[in-house]
Amino acid sequence: MKILMAASEAVPFAKTGGLADAVSALSLALVKLGHEVKIVLPRYYSIDRGNLRQLEGPLGVPMGGGEEWCAVYTTVLPGSPKKNPVAVYFVDHENFFGRDGIYGVPWEPDYLDNPRRFGFLSRAAFQLCRKLDWYPDILHAHDWPAALVPVLLKFAERSGEFSQTASVLTIHNLGYQGIYGKENYGCLNLWWDTFYKAGFEDGNMMNFLKAGIYSADKLNTVSPNYARETLTQAHGFRLDGVLRCRSADYCGILNGIDGRVWNPKTDTLIPQPYSAKDMTGKAKAKEALQRAFNLPGNPGVPVVGMVTRLTEQKGVGELFGPAYGSAWSICRDMNLQFVLLGSGEPWCEQEIRSLSSRLSNFKARIGYSEELSHLIEAGSDFFLMPSRYEPCGLNQMYSLTYGTLPIVRNTGGLADTVENYNQDTGSGTGFIFDDLTPQAIYNTLGWAVWAYYNRREHIEAMRIRGMEQNFSWEKSAREYADLYASALDLIRRP
Ligand code: ADP
């Protein structure tokens with residue numbers, strides 16, 4: 001099959017979260033299965049044109065009754081097989097993408113012209129195919145910034161060369177929908193009746209993701225449990241009704257993890273590689289982690305790690321909320337060490353700084369560091385993810401792979417990937433709690449620490465069990481290939 005991925009992020013070019021990992025890793029896994037994959041991305045300011053090759057001639061993209069022109073650059077996605085590489089195309093439009101930030105900057109987190117910027121990206125995807133004279137079987141759009149792709153296919157483009165093309169929309173996070181004022185609709189070059197037919201309407205606003213959900217031939221999200229949850233009012237972010245309408249074409253496919261980057265046997269960012277057969281390297285990583293965070297080098301004390309965006313979604317209110325979060329009492333009452341790497345909401349960063357100045361066993365690094373995130377995954381005994389919701393979550397899968405026991409809330413992909421500890425039988429791969437309350441986090445951490453000191457054989461067996469799990473992208477890519485086949489079936493059926 002020929003597949004074009006349209007996305008706003010893909011590693012190693014642009015990343016704010018798990019979406020970027022998923023787009024690249026899925027593309028690589030698909031070409032290894034024999035499919036032909038191309039990716040279209042914006043050429044953000046941070047992507048150096050010096051490393052890219054420019055295609056000849058400009059690309060004209062119909063916008064707002066006229067045309068916007070851009071240059072197109074290309075390169076091969078790192079990690080691609082030589083015989084069937086993933087080609088990445090960058091649309092280079094100075095006005096839209098020649099600035100800092102992917103969606104915005106700290107003082108303007110959501111650029112006012114984002115509907116134009118990402119509307120342009122979606123329209124450019126079609127023009128790029130024309131320029132390359134390459135027409136995909138599947139247009140695979142990711143999240144709201146590319147959600148216009150299925151809309152355009154259904155309402156404007158499904159004729160001629162695209163008549164046999166089907167669309168798939170993957171929702172990586174339903175919390176981000178791309179909701180903007182209706183006045184932006186004009187720039188998309190669509191008829192006004194399409195505004196209603198495609199389901200853009202959202203109160204007095206226009207909603208990109210909602211229109212994408214209405215229009216895509218097939219839809220999925222990134223774990224089976226999150227797919228079920230999003231059909232409910234509690235997790236549907238007001239789109240549960242629309243999703244229920246599309247439930248026959250909607251499923252959950254668990255993300256994989258990139259085994260070239262996240263594998264304790266080959267990881268070059270930890271002091272010594274290790275495996276389930278020889279865990280010496282894990283003890284070394286714990287030592288290095290304690291050193292890196294200026295903690296006493298005590299191998300007998302459990303280390304709890306966290307690597308996270310500091311946003312409400314990640315449960316940071318219940319953990320660090322001033323006066324009510326449980327991090328303070330956890331560190332005060334329990335014999336453990338707590339290390340955190342993250343950045344995000346200023347109040348939370350501030351609270352974390354204040355906690356680390358008052359607690360000797362709580363250490364934090366505010367910022368982003370690939371290297372430290374590997375050390376935390378490898379060197380910790382437990383990894384905490386008290387998420388409010390979690391479409392898939394990557395860190396708990398990294399943790400399991402590194403023999404670090406996840407402590408997670410029973411939600412989304414966390415529930416799909418972690419099996420709760422049973423202290424009678426010793427079964428399980430981590431610790432799960434239901435309620436997102438400071439008390440539930442406190443109790444579950446207390447339970448894990450108790451098991452660490454009193455049921456050590458269970459802890460060691462759980463580590464090994466976690467390390468034996470298979471979170472490969474190959475498995476997920478096969479499921480995506482089946483989804484593509486069913487989308488094609490829908491539109492090519494006589
Ligand atoms: P989300 O995409 O919602 O942030 P995921 O768990 O799906 O959550 O993916 C987050 C990814 O970003 C993981 O690879 C995680 O290690 C990484 N990450 C998040 N914050 C940091 C940070 N401060 N430093 C390094 N890596 C980070």
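**Labels and their cut-offs**

Modeller: Start with helix α4 and its cover. Its buried residues are covered by elements that include β1 (2–6), α3 (114–132), β7, β8 (166–171) and α6 (208–215). The model is predicted: local features need pLDDT of at least 70, side-chain atom pairs count only at pLDDT 80 or more, and totals for chains, interfaces and linings use all residues. Residues are numbered from 1 along each chain as its sequence is written, and side-chain values use heavy atoms, leaving out hydrogens and water.

Biologist: What makes α4 mostly covered?

Modeller: Buried means under 20% relative accessible area, exposed means over 50%, and partly exposed lies in between (1.4 Å probe, protein chains only). Seven of the 10 residues of α4 are buried. Among them are Leu148, Pro150 and Glu157. Helices here are DSSP runs of H or I with at least four residues, and strands are runs of E with at least two, numbered from the N terminus.

Biologist: Why is β4 called largely enclosed?

Modeller: Strand β4 (residues 59–63) has four of its five residues buried, so the rest of the structure largely encloses it.

Biologist: How do you know that β4 and strand β5 pair?

Modeller: Two strands pair if DSSP finds at least two bridges between them. β4 and β5 (residues 66–76) have five, in the antiparallel sense. Pro62, for one, stands opposite Glu67 in β5. The two strands form a hairpin with two residues between them. Gly64 in that turn has a positive phi of about 50°.

Biologist: What makes β9 and β10 edge strands?

Modeller: Three strands form an open antiparallel sheet in the order β9-β11-β10. β9 (179–181) and β10 (201–202) each pair on one side only. Three bridges join β9 to β11 (residues 205–207). In one of them, Ile179 has Asn207 as its partner.

Biologist: Why is the contact of Asp202 with Arg238 called a salt bridge?

Modeller: The term needs a side-chain nitrogen of Lys or Arg within 4 Å of a carboxyl oxygen of Asp or Glu. Here the closest N and O atoms are 2.9 Å apart. Asp202 lies in strand β10 and Arg238 in the loop between α7 (224–229) and α8 (240–245), so the pair ties together parts 36 residues apart in sequence.

Biologist: Are those two residues buried or exposed?

Modeller: Asp202 has 12% relative accessibility, so Asp202 counts as buried. Arg238 has 55%, so Arg238 is exposed.

Biologist: And why is Lys15 called partly exposed?

Modeller: Its relative accessibility is 34%, so that is the label Lys15 gets. Lys15 forms a salt bridge with Asp21, the closest N and O atoms being 2.9 Å apart. Asp21, at 19%, is buried.

Biologist: What makes Asp381 and Lys286 part of a network?

Modeller: Salt bridges link Lys286, Asp381, Arg456, Glu460 and Arg463. Between Asp381 and Lys286, the closest N and O atoms are 2.7 Å apart. Both residues are buried.

Conventions:
Contact means heavy atoms within 4.5 Å.
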